[in-house]
Amino acid sequence: MIAIPIHDTILLPEVTFYFKKETFEEYEVEAMSVGDEIAFVFLKDEPEFEGPVPEDKDKPEDLMEMIYPVGVLARLDSVDGDGNLKIRTKGRVTILGMTVNDDGLVDAEVVECPDIQDLTAEERSQRFDRLKKDYLNFVKMYQWGLWARGLILQWKNIYELMCSMSPYFSITWEEKVAIVMEDRVAERYRLIEQAAYEFIEMAKVHNEAESQQKMENENIYRENALKKQIEILQNELDEMHPENISDVRQFQKKIEESGMNETARKEADKVLNRMKQEGQNGHEYGMLYDYLDFVTSLSWKKPEAEEIDLTHAEEVLDADHYGLKKVKERILQQLAVMSLRKEQSGSILLFVGAPGTGKTSIGQSIAKALGREYVRISLGGIRDEAEIRGHRRTYIGAMPGRIMEGMKRSGVSNPVVVLDEVDKLGKEFGGDPASALLEVLDPEQNFSFTDHYMNVPYDLSNVFFICTANQVDTIPEPLLNRMEIIEFPGYSELEKESIAKKHLIPKAYETMGVKKSQLRISDPAVRKIIAEYTMESGVRGLKKRIEGVCRHAAVRLVKGEKKLSVTPANLKEFVDGRGLHRDKVEKKTVPGIVTGLAWTSAGGEILYIETKKVAGSGQVIITGQLGDVMKESVSIALSLVKERLPEETEDLAKYDLHIHVPEGAVPKDGPSAGITITTALYSLFTGKKVAPTLAMTGEVSLRGNVMPIGGLPEKLMAAVRAGVKTVYIPKQNVEDLEDVPEEVKKALTITPVETVEDVLRSV
């Protein structure tokens, strides 16, 4: 009997089906006679079997391993004129063996495989009719239901239903073959019904899901269309009546155009929704409005990489500021690094120096050189951390911190921000503002700085931060470590004169409305103002004096005078008040008095150390409001003198030793008077006079070493102003002479000393 292997096509008994002659062409079925029988066998796997070949003749066992043991017996009922076949299945058979004959066809040895008839004919008919009816109802839901109804009505039994629908059922090939191999009719019916009803339910679920999805999509499309339509109409109304645009509408547009990061956008949308719900009469409406107004006023977009013209930057710095050579060099280095990296980089610069030396104004010059916005934030007196980080919005009157407020004022994300007077930050119960600045200035953290008021991260990494301070002693160490200190030395009198002529006088003319043709301030008059009416390292006081001259001139010009000239002779007519008292070196030489040099926040000063022995009980009396450091210097100096002058100091118990620093109302402290006190005591006990034109500065150790000090340029300038001719400085401060103006060094004889003996030998 010829055997035809099939795969993924289920055949059951009592089913009629049709094949085109090409379907089984290799098996020469069209050569069979009507009434011949065919055994259809089921291949186990997707067949690579393309038909029998003579070589399979000697391997019948291989053919048996490829098929399931149960097949279906069929009979060729008819062949039409085109050679198409009508085949009717009869029953199931068990495959006993398979061989390949000489013609290359597969022959099968089969025996009948009877069913176990555990269902009556009536039960089979009822179950089939019920299933058929359910399918007829099912196909009514679809457009193709009419065509499907004709197919269903042709089914004669449940097996035809299975064979027709099996390609659509969600069951595996193994499950399909299991139905054929099932001997019990009742179980076979159950498996077919299960597959058939699963198909119906899955189709219903799919249809419902598709309908639901379609409905949701239609709603979304409708909603989007309505929104688009509303937006178009709203835009037209806004253009016609811009004064009537609602707050919500304005903020919607601002949020969309702001370029916020995802976190900020979510927070802004959340607040905007609350604002919609509150309405203009809601008690939180004002707070929500202020928040949205603030965050949408910030610049969120990352700036493009900028080209930095170092030549132009150098020209701007030179035009705006006289001197400050080292400061300008360091700034140009920072700008060069930024130019190479195409981004903000380098250290946070801390400008340290006396008031009026140009620390803040040079920040404006940097902004001008870079073509950026300039923002100045004063930190002096801040004692609350919320001034830096902002207040949380849960508090009444909450507002952003000064950093983000400055960013809002700038209107860009990469301004030059000068944090002024960082050394004057306080610390109270409201937190430590210096600690809050750590996140602002740290380039590893400030890319996601979170202001408490905003409650969303903001990128500060593109900001060029510059800090200023008069001194570094009060700046906390963790904050100071994040900054690079750049010293701003005081100006010499020659530099002040140049600054006055190039900058201060032209600005004063403009400010006071005085024309250059109406008022002339001679160079000697400028020098007299500097020498007799100012006492500072910077030029702030000089600026005030020049403006005062211009104000006096303005009065006289308004009264009718046509042209005025300010000279040293008539300077008193134009300046306010008397000239300042300045310490000058004494002409009289007295043992026990030595000229020292000190540094103050206003610049350098000369300082007299006066000592005297009076009858007493060996007490050491210190006057002049000396701080702890200078009191320690007195103790060290006394020990050094006792060691070097044992005979002169052996009867010290009979005297009181009085040490005084004049101007007792002014507090004095610092580690630079040790050598001066030691020399004064040495002069007192030996009776040797020290020339008033000799000044010195330096701390001493118990070993007699002269230790380095700070503020050397300012101290040497003060020495020149006071008429000092020779100055002793610590040897370790020789390198600092590079920062001292040439005219100052030319006016002094500067002698480096290493030990106390170096000084005492020359006295």
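Contact here means that heavy atoms lie within 4.5 Å. The model is predicted: local features need pLDDT of at least 70, side-chain atom pairs count only at pLDDT 80 or more, and totals for chains, interfaces and linings use all residues. Residues are numbered from 1 along each chain as its sequence is written, and side-chain values use heavy atoms, with hydrogens and water left out.

Start with two helices. Helices are DSSP runs of H or I with at least four residues, strands are runs of E with at least two, and both are numbered from the N terminus. In α10 (residues 310-320), His312, Ala313, Val316, Leu317 and Asp320 meet Ile362, Ser365, Ile366, Lys368 and Ala369 of α12. Of the residues in this contact, six are nonpolar, two polar and two charged. Ala, Val, Leu, Ile, Met, Phe, Trp, Tyr, Cys and Pro count as nonpolar, Asp, Glu, Lys and Arg as charged, and the others, Gly among them, as polar.

Two packed helices are described by the angle between their axes and the distance between the axes. For α10 and α12 (residues 359-370) the angle is about 150 degrees and the axes are 9 Å apart. That makes α10 roughly antiparallel to α12, a term for angles over 145 degrees. The axes are lines fitted to C-alpha atoms over the stretch in contact, and angles run from 0 to 180 degrees between N-to-C directions.

Next come the aromatic rings. The structure holds 13 aromatic pairs. Rings of Phe, Tyr and Trp (its six-membered ring) pair if their centres lie within 6.5 Å; planes under 30 degrees apart count as stacked, over 60 as edge-to-face and the rest as tilted. Phe138 and Phe199 have ring centres 6.0 Å apart and planes at 75 degrees, so this pair is edge-to-face. Phe138 lies in α2 (residues 121-139) and Phe199 in α6 (residues 185-240), so the pair ties together parts that are 61 residues apart in sequence. Both Phe138 and Phe199 are buried, meaning under 20% relative accessible area, where over 50% is exposed and in between is partly exposed (1.4 Å probe, protein chains only).

Trp300 and Tyr458 also form an edge-to-face pair, with 5.0 Å from centre to centre and 70 degrees between the planes. Trp300 lies in the loop between α9 (285-297) and α10, and Tyr458 in strand β11 (residues 457-458), so this pair ties together parts 158 residues apart in sequence. Both Trp300 and Tyr458 are buried.

Ser299 is in the loop between α9 and α10. At 18% relative accessibility, Ser299 counts as buried. Leaving out residues up to four places away in sequence, Ser299 touches Gly411, Val412, Ser413 and Tyr458.

Definitions and conventions
Parallel < 35°, antiparallel > 145°, perpendicular 65-115°, else oblique.
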